Amino acid sequence: MKHTDVEARAVKEATRAGQAAPKGERGESGDWARAPERSNMLALRFIVFMALVCGRHVTRLLLPPIALYFLLFAPAQRRHIKRYLFRAIGPQAGWVDGFRLLHAFASTVLDRVYFLRGRLDLFKVSIEGNAPIDAEIARGRGAFLLGAHIGSFEVLGACKQQTHQCNLRLAMLMYPDNAQRITAVLNTIAVPELRPHVIALGRPHSMLALRDWLDGGGLGGMLADRTLPGSEDQPAHQRGNNIVLPFLGQPAVFNDGPFRLAALLRRKVFFMAGLYGGGARYDVRFDPLADFGEPVCSPAEREARIRAAVEAYVARLEALCRAYPYNWFNFHDFWLEDAA
């Protein structure tokens, strides 16, 4: 799909004015959800077999050739990685940086096997900022955890073990049609109590299921650094608005749908990141983003709060991308440069 000149000018105007991006952007920015999955079931099962039988240290020997393979033979992903690293690190970023990014990604995918098996003993995990979330759980109220494709979201299971939060209940809010193969393989080897509960987005019953889950004191986790695919006949709180904001020095499109959900259900929102520090180190961080539990006086105030929450999310994500540049695994046309 190509941008027209009119659409391109509209995006520039929205960038300058800080308004919502045109509706035509939604289709292109949501292409990640329709992109074919680059995975092979035989290879995935082999990696999982190696991880369970040979252990983490031996299986990690496979990661360098895997990372090198994708660096050499995935030209589209290599192009997107190059653009990101130029903005996160600078023009000095080169092939070595691309390899480090892909190796870190492969490491977190491998470690998902062990997190889902409850093998926290293999890792050194530090946790910061979880006290406010523990307080919400103690009160019996749910909350939203908004992450990104940065580091590992599965390391959250380590928080449950390390902080002894036996009543921590997390549901992943996601489009289950994406990455079906790797999810299916990993779910087969997961310990039942660590297997993530999934609430499928874009379905008629999604809102009711999410509301009931939060009312039961559960947490709703979502990766919010990709714009949401959808159609115009979806409710606004599910579709959201695409907003153009500066990100790593370049205008980028973000969707406020997750924040509209939180505002509609009147919940607190926290930023969560499980940053991979190399080797066996992970740093899990929680930061408060917004509190939509407070009463809102007017629709204008509600919109202002949602906008401020999106801006806080983007600012936090940008800071982490600069501090941990090899942790952002968003390998698609994030800045819509191919479309242009």
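Let's start with His 103, which has its place in helix α7, residues 95-116. Keep in mind as we go that this is a predicted model. His 103 counts as buried, because its relative accessibility is 18% and the cut-off for buried is under 20%. Leaving aside residues up to four places away in sequence, His 103 touches Arg 60, Leu 63, Pro 64 and Ala 67.

Helix α7 also meets helix α6 (residues 75-88): their axes come within 10 Å and cross at roughly 105 degrees. The two helices are therefore roughly perpendicular to each other. On the α6 side the contact involves Arg 78, Ile 81, Tyr 84 and Leu 85, and on the α7 side Trp 95, Asp 97, Gly 98, Leu 101 and Leu 102. Sorted by class, this contact has 6 nonpolar, 1 polar and 2 charged residues.

Now turn to the sheet. Its 7 strands run in the order β1-β9-β8-β2-β5-β3-β4, forming an open sheet with mixed pairing. At the edges stand β1 (124-128) and β4 (197-200); each has a single partner strand, so one side of each is left without a neighbour in the sheet. From one strand to the next, the twist averages 25 degrees. Within the sheet, β2 (residues 143-147) pairs with β5 (residues 219-223) in the parallel sense over 5 bridges, and Phe 144 has Gly 220 in β5 as its bridge partner.

Which strands does helix α13 touch as it packs on the sheet? Helix α13 (residues 257-265) touches β2, β5, β8 (268-276) and β9 (281-291), and its direction makes about 170 degrees with that of β2. Another helix, α11 (residues 206-215), lies across β2, β3 (170-174), β4 and β5, running at about 145 degrees to β4.

Finally, look at the charged side chains, where the count comes to 19 salt bridges. One of them joins Glu 337 and Arg 83, at 3.6 Å from N to O. Glu 337 lies in the segment after α14 (299-323) and Arg 83 in helix α6, so this pair ties together parts that are 254 residues apart in sequence. Glu 337 is partly exposed, at 27% relative accessibility.

Because Arg 260 lies in α13 and Glu 303 in α14, the pair ties together parts 43 residues apart in sequence. Arg 260 is buried at 8% relative accessibility, whereas Glu 303 is partly exposed at 34%. Salt bridges with shared partners also join Arg 79, Arg 83, Arg 87, Asp 333, Glu 337 and Asp 338 into one network.

Notes: Residues numbered from 1 in each chain as written. Predicted model: local features only at pLDDT ≥ 70, side-chain atom pairs only at ≥ 80, totals over all residues. Heavy atoms only, no water. Pairing = 2+ DSSP bridges. Helix = DSSP H or I, 4+ residues; strand = E, 2+ residues; numbered from the N terminus. Axes fitted to C-alpha atoms, helices over the stretch in contact; angles between N-to-C directions. Contact = heavy atoms within 4.5 Å. Buried < 20%, exposed > 50% of the residue type's maximum accessible area, 1.4 Å probe, protein only. Parallel < 35°, antiparallel > 145°, perpendicular 65-115°, else oblique. Nonpolar A, V, L, I, M, F, W, Y, C, P; charged D, E, K, R; others polar. Salt bridge = Lys/Arg side-chain N within 4 Å of Asp/Glu carboxyl O.
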